[in-house]
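This briefing covers the sheet, the nonpolar cores and the aromatic contacts of one protein model. Please consult the sequence and structure shown here alongside the text.

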Amino acid sequence: MADEGVELVAGAARMVVDASTGRIARFRVGDLEVLKTGARFGSFPMAPWCGRMRDGVLRWDGRDYRLPRNAEPHAIHGTVRDHPWEVVRRTESEVVLAQELREPWPFAGRVIQSFALTGESATFRMSVESASDSFPAQVGWHPWFERRLGPDAAAVEIDFAPAWQEERGPDYLPDGNRIAPLPGPWDDCFGMPDGVLVTLTWPESLELTVRSPLRWVVVYDLPTDTVCIEPQSGPPNGLNTAPQAVSPDAPLIAGMSWRWRPLG
């Protein structure tokens, strides 16, 4: 595993962080491969926006900025996963990465993320800093969890209690209404005003709890082999509908944790 990136080790837990994309390439607990592996999988950072931005247009301070429509007709998941990161610090169980924001993002700044591993938990932190101008930003995480932890294993169970669901239109973007949470399957954003709390249970194998003080989580469980639990600092298209400004003296700082325990 070590030749694939920066390897973190703590107890029975192993995590490989790929500095070329800033994502977690692999995460194992004992013999269990918890994340789907592959070039577009693992768990990747979302910044300086999360999810879809309508028509690839950012409207800020009286101007329109055009961003690549990489999820036609929208722009999706920010820019930082598309560029390499600098390894700022690393130990056996922690690594810190940094990346300067660059085109096509129109504002100068940088993103810093950290990964810390123990035998029972992983802690993640991400921040967006402005170098000069004020601009809107979001951060989030997009893990692709395996639906099953073995060829004959039972499917994962998702347990969470959101306060609302962002109603979405046919373009998969929130339409401005909040509704009572609907049963899955989902590709939807939910509000959790007391913080994100989602528990994944792979029967007889593993329980993993995702926590974050952030107030939104996207749950995506439409694929047959994966589920995604994505804490984020705002809803899709939120840079336009609910912007949070970042300035040189006011960075955006967010965190997330995973805590697990073996079952059976």
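Leaving aside neighbours within four places in sequence, with which residues is H83 in contact? H83 is in contact with S20, T21, Q99, R102 and E103, where contact means heavy atoms within 4.5 Å. The model is a predicted one, in which local features need pLDDT of at least 70 and side-chain atom pairs count only at pLDDT 80 or more, whereas totals for chains, interfaces and linings use all residues. Residues are numbered from 1 along each chain as its sequence is written, and side-chain values use heavy atoms, with hydrogens and water left out.

**Setting of H83**

- H83 is placed in the loop between β9 (75–76) and β10; strands are DSSP runs of E with at least two residues, numbered from the N terminus.
- With a relative accessible area of 18%, H83 is buried, a term that means under 20% relative accessible area (1.4 Å probe, protein chains only).

**The open sheet**

- Eight strands form an open sheet with antiparallel pairing, in the order β10-β11-β12-β13-β25-β21-β20-β16; two strands pair if DSSP finds at least two bridges between them.
- β10 (86–90) and β16 (157–159) stand at the edges with a single partner strand each, so one side of each has no neighbour in the sheet.
- From one strand to the next, the twist averages 15 degrees, with axes taken as lines fitted to C-alpha atoms and angles running from 0 to 180 degrees between N-to-C directions.
- β10 and β11 form a hairpin with 3 residues between them, and their antiparallel pairing extends over 4 bridges.
- R90 stands opposite V95 in β11.
- Strands β20 (residues 196–202) and β21 (residues 206–212) run antiparallel and are joined by 7 bridges; the bridge partner of W202 in β21 is L206.

**Nonpolar cores**

- In soluble globular proteins, nonpolar side chains tend to be buried together.
- The largest nonpolar core has 64 residues, and those with the most contacts inside it are M15, F27, F145, W258 and W260; such a core is a set of buried Ala, Val, Leu, Ile, Met, Phe, Trp, Tyr and Cys residues joined through side-chain atoms within 4.5 Å.
- Strand β25 (residues 252–262) supplies the largest share of this core, 5 residues.
- A second, separate core of 6 residues includes F41, F44, C50 and W144.

**Aromatic pairs and charges over rings**

- The whole structure holds 16 aromatic pairs; rings of Phe, Tyr and Trp (its six-membered ring) pair if their centres lie within 6.5 Å, and planes under 30 degrees apart count as stacked, over 60 as edge-to-face and the rest as tilted.
- The pair of W105 and F135 is edge-to-face because the ring centres lie 5.9 Å apart and the planes stand at 75 degrees.
- This pair links distant parts of the chain, 30 residues apart: W105 in the loop between β11 (94–100) and β12 (109–117), and F135 in strand β14 (residues 135–136).
- W105 is buried at 3% relative accessible area, and F135 is buried at 0%.
- W186 and F190 also form an edge-to-face pair, 5.9 Å centre to centre with 90 degrees between the planes.
- Ring pairs link F27, F115, F124, F145, W202, W258 and W260 into a cluster.
- R81 lies over the face of F44, at 4.8 Å from the ring centre; a charge sits over a ring if NZ of Lys or CZ of Arg is within 6 Å of the ring centre and within 35 degrees of the ring normal.
- R168 lies over the face of Y172, at 4.1 Å from the ring centre.

Technical notes
Buried means under 20% relative accessible area, exposed over 50%, partly exposed in between (1.4 Å probe, protein chains only).
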